[in-house]
Amino acid sequence: MKKTRVRFAPSPTGPLHMGGVRTALYNYLYAKQKGGDFIIRIEDTDSNRFVEGAEQYIIEALNWCGIIADEGIDENGKVVETATEKHPHAPYRQSQRKAIYFKYAKELVDKGFAYYAFDTAEELSAQRAEAEAKKETFIYNSQSRQYLRNSLSLSQEESEKLIAETNNWTIRFKMPENRIVKMDDLIRGHIEVNTNTLDDKVLWKKIDELPTYHLANIVDDHLMEITEVIRGEEWLPSLPLHYLLYEAFGWSDSMPKFAHLSLLLKPDGKGKLSKRDGDKMGFPVFPLKWINSEGEVSRGYREDGYFPEAFVNLLAFLGWNPGNDREMYRLDELISAFSLDRIVKSGARFNPEKASWYNKEYLRLYNSEKLAQLFIPILEENNITVVTDYNTDMTKSGADFEHRTFHIDYVCKVIELIKERASFVKDFWTIAPYLFLAPKSFVEKDVAKFWKEENYKLALDTAKQLANIEDNTSKEDIEKILEEHIRKNEWPMGKVMNCLRLALVGASSGLGIADIISLIGIKEFNNRIDFIQETLNK
């Protein structure tokens with residue numbers, strides 16, 4: 001049996017949409033499960049839509065996701081231009097393969113499966129306008145090509161002259177008349193289409209000497225020995241043409257199998273997911289941040305704080321399911337579980353909340369040491385230094401609040417405490433900045449509600465019970481001291497505790513009092529009690 005070989009062939013016309021990443025992922029999973037090769041090929045034949053930086057963006061995005069090519073991209077993340085043993089089909093940019101395609105386009109003309117067309121853009125626009133005026137649709141096919149300007153309607157002499165003297169001609173496929181094309185799709189099953197509904201697609205353009213997608217992808221898939229073509233639903237209408245091209249070249253026996261994936265839909269299920277939906281509803285649709293030529297910024301999952309594992313897991317389940325209730329799969333587990341027969345035919349609705357859920361679940365799986373390393377840059381942005389040297393002389397709690405310096409062990413303890421409340425690493429700071437910085441101000445409405453003389457006097461008296469305890473006193477013992485003192489005096493628990501929390505946090509909401517004190521230490525606790533008195537009891 002032939003070795004499985006699949007390809008992902010993006011166009012560098014802008015940032016890679018998450019739907020494109022999903023297509024790459026499904027190709028990668030399929031190849032790896034079959035012990036085959038995953039190839040990346042850059043289809044840059046549309047020179048008018050080429051965007052600077054898009055190619056690099058595509059490769060970086062796939063690398064971030066862990067979707068690594070076996071062929072087409074070298075170890076430095078560059079598209080291979082010169083053939084090697086590992087990359088025998090180089091170059092892998094279609095613009096660098098342009099010399100190949102005309103030979104195949106000319107072969108189709110010589111065999112009678114294609115022809116030269118000399119119609120200008122203006123002439124074709126006029127044909128469309130005339131058809132629209134009659135409430136008809138203009139199709140360049142067997143019905144119309146006899147009266148249009150092409151080598152089928154003109155004499156050989158006229159055609160040869162136009163080929164020699166002009167540069168706006170094309171080669172079009174000669175779609176057969178009234179034929180039923182029978183096709184099979186690995187996802188959608190058997191399909192039949194009458195050729196009278198199809199037009200004579202352009203295969204090659206003289207003006208830039210480049211092929212269109214239709215010719216280039218067929219030729220390259222054949223030369224690169226692709227066994228399955230797994231691509232988006234938008235290419236399903238082109239499938240009859242591609243079948244006929246394989247037949248015209250005499251390659252039917254080596255034609256790859258096709259699988260057309262369903263669309264990614266908006267959260268409401270009404271239409272294809274677009275960048276505009278993300279902008280409007282506040283979520284990214286690109287894997288990485290993208291800045292266009294006008295300076296407009298599009299958000300990326302990486303920059304928004306998503307783990308690549310969570311993003312990949314999310315994408316895998318947008319249109320596929322493993323047939324059970326399990327939702328968390330690492331990349332290697334996805335490879336084992338993946339199959340094309342469990343891909344849905346209908347569109348897959350994107351749920352932004354589910355994306356956040358996946359990230360939260362992966363965050364819970366990671367140990368505190370890994371999360372602490374990811375958290376360090378956020379702490380540094382807030383002028384906090386994290387020490388990783390175990391020989392450094394620090395306080396017993398690993399925290400020097402005066403100099404905003406904390407040991408990595410202290411950071412890990414913070415993460416262990418607040419991990420269950422977070423969905424993203426950046427949430428650690430949002431949830432509890434007061435575990436690193438003493439409050440310098442207090443929420444006015446909380447002060448008005450709780451810092452009343454009859455309350456704060458009780459709170460300050462309660463604080464004295466902790467003033468001299470050891471730094472290594474457990475959370476449970478701190479809790480016991482606080483509660484026993486308050487209950488013994490029959491004081492209102494909520495009011496006393498909210499005053500203490502106000503001193504520690506700067507607000508009446510936050511983590512448990514004992515949790516905070518056991519982390520920050522008694523010295524810092526006493527400093528915060530002193531500060532709130534100096535600030536509010538002037």
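**Salt bridges**

I counted salt bridges in this predicted model and got 39, taking as a salt bridge a side-chain nitrogen of Lys or Arg within 4 Å of a carboxyl oxygen of Asp or Glu. Residues are numbered from 1 along each chain as its sequence is written; local features need pLDDT of at least 70, side-chain atom pairs count only at pLDDT 80 or more, and totals for chains, interfaces and linings use all residues. Side-chain values use heavy atoms, with hydrogens and water left out.

I looked up Asp37 and found a salt bridge to Lys3, with the closest N and O atoms 3.2 Å apart. Asp37 lies in strand E2 (residues 37–40) and Lys3 in the segment before E1, so this pair ties together parts 34 residues apart in sequence. Helices (H or I, at least four residues) and strands (E, at least two) are DSSP runs, numbered from the N terminus. Asp37 is buried at a relative accessible area of 14%, whereas Lys3 is partly exposed at 46%. For these words I used under 20% relative accessible area for buried, over 50% for exposed and partly exposed in between (1.4 Å probe, protein chains only).

Next I checked Lys106, which forms a salt bridge with Asp110 at 2.9 Å between the closest N and O atoms. Both lie in helix H3 (residues 98–111), four residues apart, about one turn of the helix. Lys106 is partly exposed, with a relative accessible area of 30%, and Asp110 is exposed, with 55%.

I also noted the salt bridge between the side chains of Glu209 and Lys206, 3.4 Å from N to O. Glu209 is partly exposed at 37% relative accessibility, and Lys206 is partly exposed at 24%.

I then found a network of salt bridges that links Arg7, Arg41, Glu43, Arg97, Asp220 and Asp221.

**Glu55**

I found Glu55 in helix H2 (residues 54–65). Glu55 counts as buried because its relative accessibility is 9%. Its side chain makes a polar contact of 2.7 Å with the side chain of Arg93. A polar contact is a pair of N or O atoms within 3.5 Å; within protein, one must be able to donate a hydrogen and the other to accept it, and residues adjacent in sequence count only if both atoms are side-chain atoms. Leaving aside neighbours within four places in sequence, I listed Pro12, Ile42, Val79 and Arg93 as in contact with Glu55 (heavy atoms within 4.5 Å).

I read a volume of about 1200 Å³ for the largest pocket. Of its 42 lining residues, the closest to the centre are Pro10, Ser11, Thr13, Glu234 and Trp235. On a 1 Å grid over the protein atoms alone, a pocket is an open set of points with protein on both sides within 12 Å along at least five of seven lines; a cavity is a set where a 1.4 Å probe fits but cannot get out, and lining residues have an atom within 4 Å of a point. Grid points are joined across faces, edges and corners, and a volume is the space filled by probe spheres set on the points.

Strand E1 (5–8), helix H1 (18–33) and strand E9 (228–232) each give the pocket lining at least two residues. H1 supplies the largest share, four residues.

**Cavity**

I found one cavity of 30 Å³ or more; the largest cavity has a volume of about 50 Å³. Among its lining residues are Lys275, Asp279, Phe283 and Arg299. Helix H8 (residues 275–281) gives the most to this lining, three residues.
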